[in-house]
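Here is a short briefing to read alongside the structure.

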Amino acid sequence: MSSTTVTLTTPKTVDRVWQLIGGFGTLPDWLPYIRESRLGEGGRLRTLTNEEGGVIVERLESFDESARSYVYSIVQAPFPVTDYRSTLKVIDQGAEGSRVQWSGTFTPDGVSDAEAMALFEGIYRDGLAALEKTLCV
């Protein structure tokens, strides 16, 4: 099993950041390459459509409002991994703002550990850069 984590530190308050990213269906609000998010199964399943029309289906595994975090797994995606599980979390940094942590664990399938780790590190890094841009608008 492989893993990767990317963080973003922002002067924005933890409440402001969580308000934007804390909803399981809110990816299109801050992640430009996700054009649509449709929730199903009472909000526990999200079907994402990216800008090329590709579909990714993810399941909400756990949600903790007080800890400002949620865990999700991939049900269907064009990624070369299995057993994918990811956590998105916002951590209060007091007067300095907040830190967003996006991490994932997965088993590479047909690619090396380094290739799978680089793929998700890039996704997380690009996603957090988009979040930072959205927060500054």
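Arg68 lies in the loop between β4 (55-64) and β5 (69-76), and has a positive phi of about 50° although it is not a glycine. This is a predicted model, in which local features need pLDDT of at least 70, side-chain atom pairs count only at pLDDT 80 or more, and totals for chains, interfaces and linings use all residues. Residues are numbered from 1 along each chain as its sequence is written, and side-chain values use heavy atoms, with hydrogens and water left out.

**Another loop residue**
- Glu41 sits in the loop between β2 (34-40) and β3 (45-50), and has a positive phi of about 50° without being a glycine.
- Glu41 is partly exposed, with a relative accessible area of 41% (buried means under 20%, exposed over 50%, partly exposed in between, with a 1.4 Å probe and protein chains only).

**Helix packing**
- Helix α1 (residues 14-21) packs on helix α3 (residues 113-135) at an angle of about 115°, and their axes are 11 Å apart.
- That makes α1 roughly perpendicular to α3 (angles of 65 to 115 degrees count as such).
- The contact (heavy atoms within 4.5 Å) is made by Arg16, Val17, Leu20 and Ile21 of α1 with Leu131, Thr134 and Leu135 of α3.

**Helix α3**
- The buried residues of α3 are Ala116, Phe120, Tyr124, Gly127, Leu128, Ala130, Leu131 and Leu135.
- Their cover includes β1 (2-10), α1, α2 (27-30), β6 (81-92) and β7 (98-108).

Definitions and conventions. Axes fitted to C-alpha atoms, helices over the stretch in contact; angles between N-to-C directions. Helix = DSSP H or I, 4+ residues; strand = E, 2+ residues; numbered from the N terminus. Parallel < 35°, antiparallel > 145°, perpendicular 65-115°, else oblique.
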